Amino acid sequence: MISKLENNEIKIEVDTDGAQLQKLILKKDNKNYLWHGNSDYWGRRAPVLFPIVGRLKDDRYFYDGQKYKMTQHGFARDKEFELVEQSRNHLTYAVEESEDTLEKYPFRFRLEIKYTIKGNSLAISYRVVNQDHQEIYFSVGAHPAFYWPLTEGESKEDYYLEFEKKENADKYLLESGLLNHQTEKVLTDSKILELKPDTFRDDALVFKNLKSEKITLKSRKSDREVEVEFKDFPYLGVWSQSAEAPFICIEPWQGIADSVDSSGKIEEKEGIRKLKAGQEFECTHRITIR
């Protein structure tokens, strides 16, 4: 079921299927900034990542002596959520454990996704509630895809990413979706990361420990831009499916993929969060379109 929100500046659509954002429209020119999910390239638009971010080594993990299978980015993106609250400026969706989830994730939880519009910004909040009698382990993340280029007639090379602050940043390299303990320098005392069709030839750009709390997709030929604020998130991924794919994903993460030599124990997974019985966790990222 699709629900809509709008104010004087933007309009959004969200589906109960995965609580996934479907459209993000700037009303002044009726431009949808969010990728439309063409499966010739990538059939998703802005999936919710839970209870893991990235890939597990051998697509499995261990907890309390048991082995569990789980595919990349977890199962929330494929679950039907319930729209539990709606107002003039927000939509809140929720999903809880089920027989199906307990087979792959042995914890009782509630996950809420809240979309709030204000001016030309959309805030997306994640709330995880431990409904179990034991500690639970989880990661949560975002995976929104934006058109690249944003304006017809422009090329990918017209675009760049601008960080909020000057960075000396490495990208953490992936091998079959797993961190391989190698890095490559991407920024040296600079805010600007140039974009080219082959930027993602070796998979996503994975960043840790950035000084910036915002990153903006900009063009040298037009004024359209997308700003993503990720101050609640210690990791950031940037990805596109191929040199031809006309979209770019800017992904705030509370979690990260396994390494090639991961132990597989969920308690030891990098970036995993631990939540005691009855406790809650919240984080928010914000998308601003201009």
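Relative accessible area, computed with a 1.4 Å probe on protein chains only, classes a residue as buried under 20%, exposed over 50% and partly exposed in between. The structure is a predicted model, in which local features need pLDDT of at least 70 and side-chain atom pairs count only at pLDDT 80 or more, while totals for chains, interfaces and linings use all residues. Residues are numbered from 1 along each chain as its sequence is written, and side-chain values use heavy atoms, without hydrogens and water.

Gly271 has a relative accessibility of 24% and therefore counts as partly exposed. This glycine lies in the loop between strand 21 (247-254) and strand 22 (273-275); strands are DSSP runs of E with at least two residues, numbered from the N terminus. Leaving aside residues up to four places away in sequence, Gly271 touches Ser139, Tyr235, Gln254 and Gly255, contact meaning heavy atoms within 4.5 Å. The C-alpha atoms of Gly271 and Phe138 are 8.9 Å apart, with 133 residues of separation in sequence.

Phe138 also belongs to an aromatic cluster with Phe50, Tyr63, Phe75, Tyr105, Phe107, Phe109, Tyr137 and Phe281. The structure contains 23 aromatic pairs, where rings of Phe, Tyr and Trp (its six-membered ring) pair if their centres lie within 6.5 Å, and planes under 30 degrees apart count as stacked, over 60 as edge-to-face and the rest as tilted. Tyr126 and Phe233 form an edge-to-face pair, because their ring centres are 6.3 Å apart and their planes stand at 85°. This pair links Tyr126 in strand 11 (residues 121-130) with Phe233 in the loop between strand 19 (225-229) and strand 20 (235-239), 107 residues apart. Both Tyr126 and Phe233 are buried.

Conventions. Helices (H or I, at least four residues) and strands (E, at least two) are DSSP runs, numbered from the N terminus.
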